[in-house]
Amino acid sequence: MPSQARIVARDNMLPEVGRIVEAHTELRKGCRGRDTHISILRGSILLLCATWEVYCESVLEEAVNKILKMKSDPYDLPKDMQSQLIAAVHDPVMIKSQPLKLAGIGWRAVYEQEVSNACARFNTPKSDRLNDLFKKWLGMKVISDCWSCGSQAIDEFVSLRGEIAHRGGDAQRVSRDDVTRLKAMITRSILETDDAIYKYLKSPDLLGVAPWQKTTKL
């Protein structure tokens with residue numbers, strides 16, 4: 001099976017977006033003229049973007065946990081991860097630094113908590129922010145390189161979510177076709193992200209084994 005993060009997105013969250021579109025279709029049967037139910041479609045965009053953000057945060061935490069369980073020495077972590085671990089216990093005022101938190105396997109708990117905090121603070125899942133998140137906490141260079149739709153398409157989608165969230169009825173109109181297209185794009189991007197992380201984790205320098213099962217099923 002793929003990552004648990006992808007399973008949740010695929011089986012629990014993305015189908016809800018589809019059901020919202022189906023509900024809109026039912027309400028519009030026999031109706032002509034201006035779409036008075038467009039708020040339903042706008043709501044589906046909000047849920048779809050939430051699905052994308054939750055997936056990215058969850059798969060990051062999942063991947064980090066697999067690395068931490070495999071590594072017994074923090075010096076075996078990717079350099080970016082080492083830097084975040086050092087920053088977690090360092091304070092410019094030396095007496096406030098807490099290096100003893102890293103003693104034994106304490107560094108694992110420290111890192112898990114720092115990643116959890118970073119994900120809790122994270123929002124606006126555009127390409128630049130996701131690239132920074134995955135590089136900083138997982139050591140991956142440019143996660144957006146794996147998206148066949150391209151970074152701009154993801155960024156425009158997230159901007160649309162922001163417009164709807166902040167402007168409501170004054171936001172641009174969206175159609176069923178728009179939602180269907182964007183749902184397919186996010187579904188594909190989740191699959192591609194999952195496979196890119198799979199390849200990264202499987203490398204001899206990290207796990208050296210498959211972290212989960214790859215699948216081409218959307």
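Helices (H or I, at least four residues) and strands (E, at least two) are DSSP runs, numbered from the N terminus. The model is a predicted one, in which local features need pLDDT of at least 70 and side-chain atom pairs count only at pLDDT 80 or more, while totals for chains, interfaces and linings use all residues. Residues are numbered from 1 along each chain as its sequence is written, and side-chain values use heavy atoms, with hydrogens and water left out.

**Loop between α4 and α5.** Thr124 is found in this loop. Its phi is near 55°, a positive value in a residue other than glycine. Most residues other than glycine have a negative phi. Thr124 counts as partly exposed because its relative accessibility is 26%; buried means under 20% relative accessible area, exposed over 50%, and partly exposed in between (1.4 Å probe, protein chains only).

**Nonpolar core.** A nonpolar core is a set of buried Ala, Val, Leu, Ile, Met, Phe, Trp, Tyr and Cys residues joined through side-chain atoms within 4.5 Å. The largest one has 56 residues, and those with the most contacts inside it include Trp52, Leu60, Phe134 and Leu138. Two or more residues each come from α1 (4-28), α2 (38-70), α3 (79-89), α4 (106-121), α5 (127-138), α6 (151-167) and α7 (176-202). With 14 residues, α2 gives the most to this core. Not counting residues up to four places away in sequence, Leu138 touches residues that include Leu60, Met81, Tyr111 and Ile197, a contact being heavy atoms within 4.5 Å.

**Aromatic pairs.** Rings of Phe, Tyr and Trp (its six-membered ring) pair if their centres lie within 6.5 Å; planes under 30 degrees apart count as stacked, over 60 as edge-to-face and the rest as tilted. By this rule the count comes to 2 aromatic pairs.

| Pair | Geometry | Centre to centre | Angle between planes |
|---|---|---|---|
| Trp52 and Trp147 | edge-to-face | 5.4 Å | 70° |
| Tyr111 and Trp137 | edge-to-face | 5.6 Å | 65° |

Trp52 in helix α2 and Trp147 in the loop between α5 and α6 are 95 residues apart, and both are buried. Tyr111 lies in helix α4 and Trp137 in helix α5, so their pair ties together parts 26 residues apart in sequence. Tyr111 is buried, with a relative accessible area of 1%, and Trp137 counts as buried at 5%.
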